Amino acid sequence: MDLLIPILIIALLILLSAFFSGGELALMSMDLVGLEDRARHGDRIAGLQLAMRRRPQRTLGTILIGNNIVNIIAPTFATL
């Protein structure tokens, strides 16, 4: 029972790392032409995605900072 909580925390941190990595991959693989077409036809989510894709340094920076924080905390927590 003593090991259950640390194992769950490490698993959660690994899932968070996967979330950030998946977000980075999704951002970089967006189809710009399709997004522009959907945004032109009134799709608000496509408009937001297009805005993020047009300024990738801002969104990518946030994703990478989150991923780095999780990837630092996970092994630190595991060694404790």
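Modeller: What follows concerns a predicted model, taken from its core to its charged pairs and surface.

Biologist: Which residues form the largest nonpolar core?

Modeller: The largest nonpolar core consists of 6 residues: Leu-27, Met-30, Leu-35, Ala-46, Leu-50 and Ile-63. Ile-63 touches Phe-20, Gly-23, Glu-24 and Leu-27, leaving aside residues up to four places away in sequence.

Biologist: Which residues of helix H3 are buried?

Modeller: In H3, residues 44-54, the buried residues are Ala-46, Leu-50 and Arg-53. They span an arc of only 65° around the axis, so they sit on the same side of H3.

Biologist: What covers them?

Modeller: The cover over the buried residues of H3 includes H1, helix H2 (32-40) and helix H4 (56-79). The face of H3 turned away from the buried side carries the exposed residues Arg-44, Ile-45 and Leu-48.

Biologist: Changing topic, how many salt bridges are there?

Modeller: The count is 3 salt bridges. In one of them, the side chains of Glu-36 and Arg-54 meet at 3.8 Å, N to O. Glu-36 belongs to helix H2 and Arg-54 to helix H3, so this pair ties together parts 18 residues apart in sequence.

Biologist: Is Arg-54 buried or exposed?

Modeller: Arg-54 is exposed, because its relative accessible area is 56%. Glu-36, at 32%, is partly exposed.

Biologist: Which residues make up the nonpolar patch on the surface?

Modeller: Leu-4, Ile-5, Leu-8 and Ile-9 make up that patch, and together they have about 370 Å² of accessible area. Ile-9 is part of helix H1, residues 4-28, and counts as partly exposed at 33% relative accessibility.

Conventions: Residues numbered from 1 in each chain as written. Predicted model: local features only at pLDDT ≥ 70, side-chain atom pairs only at ≥ 80, totals over all residues. Heavy atoms only, no water. Patch = residues over 30% accessible without salt bridge, like charges linked within 9 Å, V, L, I, M, F, W, Y side chains within 5 Å. Areas by Shrake-Rupley, 256 points an atom, 1.4 Å probe, with all protein chains shown as cover. Salt bridge = Lys/Arg side-chain N within 4 Å of Asp/Glu carboxyl O. Helix = DSSP H or I, 4+ residues; strand = E, 2+ residues; numbered from the N terminus. Buried < 20%, exposed > 50% of the residue type's maximum accessible area, 1.4 Å probe, protein only. Core = buried A, V, L, I, M, F, W, Y, C linked by side-chain atoms within 4.5 Å. Contact = heavy atoms within 4.5 Å. Arc of directions from axis to C-beta.
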